[in-house]
Amino acid sequence: MSVIADPQLVMAVHRAVAHYRDLEPQSIPVGHPEVPELATPNRLAYALGWILAAAIVGSRYRTAGIDVLPVYHPEHGWDRFLVTRRVSCRLYATEPADSLGTLWVGEDDAPVFTIGQSVRLTLGKLTQHDPGEALRRLLFAVPAPRLRQGDHSTCPHVRAEKYPMIYRVTAELIADYPALIAAREIYVDDQPIDGAYHPLYTASGARLTGWTYDYIQYLAGDRIVFLGIDGRLATFEVEPGIWRTEEAPSEEESTLRSYLEERLALGRPGQPVVAVGLGKPEHGGNAPSDEQGES
């Protein structure tokens, strides 16, 4: 089987190495519950993990219904990605969330791709020194089982045609901006917290509650943007407590990237950034549960 490495992702790896290689791990804040969950045991591996995940989504999402979900562990932080069809195809809603593999971020020589006890592919050093070969080896190792016959018309892998492009834009933004964290699992509470409802609960007219995988949540400093995986709508805070939902310009990658950079006030790639809750610049160049998929 011939596997071609995406040249855009190869270039993103080089940028990620330049921006992340000298950054120390971020630990879980203790005694600061107001600080968002930003902990990452290996920050370069986290960025590389997003790029490798983007390659999987680009190759497998539309044809095999395979998504890749970043997972936040309550003790370790962002430490893995689950390769799964559980949230992307209605016919696999009860499939184990890691049945198609796990991309580990917190292990030695991470990222490390595993499938149970049968496959273990260490990709950290290889990705940094030969990203094209790392992408090819990963895509060769990730299963591509045929989808079951049935009605897929309402499945996200059919409905969200732009999702692979959006995922790649997200991975490239993370490669360029060490302040940026993105999540694919979001819990939308149907009760107000501190006197305010979740912005997606309000934006959906109270139709969206509980766990949702229909959005990507971007967090950079005190800026938050929710972007639908179909690329249609974005919800963001205009001023403290005031949220707006509008059409997202997702026809072109460059336009979407510029839009997210502006909404998140990301500045220029590789510049010093202010980490949430720390109050000083650092220099650099919500996870499936057992029922939703976390182990």
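1. The structure holds 16 salt bridges, a salt bridge being a side-chain nitrogen of Lys or Arg within 4 Å of a carboxyl oxygen of Asp or Glu. This is a predicted model, in which local features need pLDDT of at least 70 and side-chain atom pairs count only at pLDDT 80 or more, while totals for chains, interfaces and linings use all residues. Residues are numbered from 1 along each chain as its sequence is written, and side-chain values use heavy atoms, with hydrogens and water left out.

2. One of the salt bridges pairs aspartate 176 with arginine 15, at 2.8 Å from N to O. Aspartate 176 is in helix α6 (residues 163-176) and arginine 15 in helix α1, so the pair ties together parts 161 residues apart in sequence. Helices (H or I, at least four residues) and strands (E, at least two) are DSSP runs, numbered from the N terminus. Aspartate 176 is buried at a relative accessible area of 2%, whereas arginine 15 is partly exposed at 26%. Buried means under 20% relative accessible area, exposed over 50%, and partly exposed in between (1.4 Å probe, protein chains only).

3. Aspartate 214 and arginine 159 form a salt bridge with an N to O distance of 3.5 Å. Aspartate 214 sits in the loop between β8 (210-212) and β9 (215-220), and arginine 159 in helix α5 (residues 156-159), so this pair ties together parts that are 55 residues apart in sequence. Aspartate 214 is partly exposed, with a relative accessible area of 32%; arginine 159 is also partly exposed, at 36%.

4. In the salt bridge between arginine 263 and glutamate 246, the closest N and O atoms are 3.0 Å apart. Arginine 263 belongs to helix α8 (residues 253-263) and glutamate 246 to strand β12 (residues 242-247), so parts 17 residues apart in sequence are tied together. Arginine 263 is partly exposed, its relative accessible area being 22%. Separately, salt bridges with shared partners join Arg15, Glu172, Asp176, Arg257 and Glu261 into one network.

5. Helix α1 (residues 7-20) and helix α4 (residues 131-141) have axes that come within 9 Å and cross at roughly 120 degrees. Axes are lines fitted to C-alpha atoms, for helices over the stretch in contact, and angles run from 0 to 180 degrees between N-to-C directions. The two helices are therefore oblique to each other; angles under 35 degrees count as roughly parallel, over 145 as roughly antiparallel, 65 to 115 as roughly perpendicular and the rest as oblique. Leu9, Val10, Val13 and His14 of α1 meet Pro131, Gly132 and Leu135 of α4, contact meaning heavy atoms within 4.5 Å.

6. Threonine 235 is in strand β11 (residues 233-239) and counts as buried, at 2% relative accessibility. Leaving aside residues up to four places away in sequence, threonine 235 touches Pro199, Leu200, Ala203, Ile224, Val225, Phe226, Trp243, Arg244 and Thr245. Its C-alpha atom is 9.6 Å from that of glutamine 217, 18 residues apart along the chain.

7. Alanine 110 and proline 111 are joined by a cis peptide bond, with omega about 5 degrees; proline 111 lies in the loop between β3 (102-104) and β4 (112-115). Aspartate 109, also placed in the loop between β3 and β4, has a positive phi of about 55 degrees although it is not a glycine.
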